[in-house]
Amino acid sequence: MEIRHASLADLQALTEVEAECFPAAEAATKDSFRARLRAYPNHFWLMYDQDKLVSFVNGMVTDERDLTDEMYEKAELHRENGDWQMIFGVNTIPAYRRRGLAEKLLRCAIDEAKAQGRMGLVLTCKDALVPYYAKLGFVNEGVSQSVHGNVVWNQMRLTF
């Protein structure tokens, strides 16, 4: 398994994995990924098995403390020297789940954010995943202001 950052060459694979992992109302579009890849390719952590993308984590950096829906679609809000690494998606295709791949990628994101002097990371998740992220050190701050995909999300924060 290889872990690396993304480039525009990964656009199609990212779009396909996202569609496999999230309902259409929640999944990022190809156009959204294209904009993100142009703005912050080094804030994508990809895991490939040979030439197959099997898992990835991505998100922008900002000085804003809370993750907002606007951030998902406006890649231009990315601030490379921002305080907070936002995590928009944690994706692993079904055939590769329960192997610790997403955790490895999240730990890469955490390690890089720490090395870059960030204050921490912020993500949102559904109720069922709160314990998963808590074991990585994220603290549940309650219901997020995000209504992305017409779903109730919990905002979780890992502070350094």
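Is Ser55 buried or exposed? In this predicted model, Ser55 is buried, because its relative accessible area is 0%, where the cut-off for buried is under 20%.

Four strands form an open sheet in the order 1-2-3-6, and their pairing is antiparallel. Strand 1 (2-4) and strand 6 (89-92) are the edge strands, each pairing on one side only. On average, neighbouring strands of this sheet are turned by 20° against each other, direction ignored.

Three bridges link strand 1 to strand 2 (residues 44-49), in the antiparallel sense. Across this part of the sheet, Arg4 stands opposite Leu46 of strand 2.

## The helix on the sheet

Helix 4, made of residues 101-115, packs on the sheet. Helix 4 touches strand 1, strand 2, strand 3 (52-58) and strand 6. The direction of helix 4 makes about 145° with that of strand 2.

## The surroundings of Ser55

Ser55 is a residue of strand 3. Leaving aside residues up to four places away in sequence, Ser55 touches Trp45, Leu46, Met47, Asn91, Thr92, Leu101, Ala102 and Leu105. Leu46, one of these contacts, is also the residue that Arg4 stands opposite.

Thr92 is another residue that Ser55 touches. The side chains of Ser55 and Thr92 are joined by a polar contact of 2.8 Å.

Conventions. Residues are numbered from 1 along each chain as its sequence is written. This is a predicted model: local features need pLDDT of at least 70, side-chain atom pairs count only at pLDDT 80 or more; totals for chains, interfaces and linings use all residues. Side-chain values use heavy atoms; hydrogens and water are left out. Two strands pair if DSSP finds at least two bridges between them. Helices (H or I, at least four residues) and strands (E, at least two) are DSSP runs, numbered from the N terminus. Axes are lines fitted to C-alpha atoms, for helices over the stretch in contact, and angles run from 0 to 180 degrees between N-to-C directions. Contact means heavy atoms within 4.5 Å. Buried means under 20% relative accessible area, exposed over 50%, partly exposed in between (1.4 Å probe, protein chains only). A polar contact is a pair of N or O atoms within 3.5 Å; within protein, one must be able to donate a hydrogen and the other to accept it, and residues adjacent in sequence count only if both atoms are side-chain atoms.
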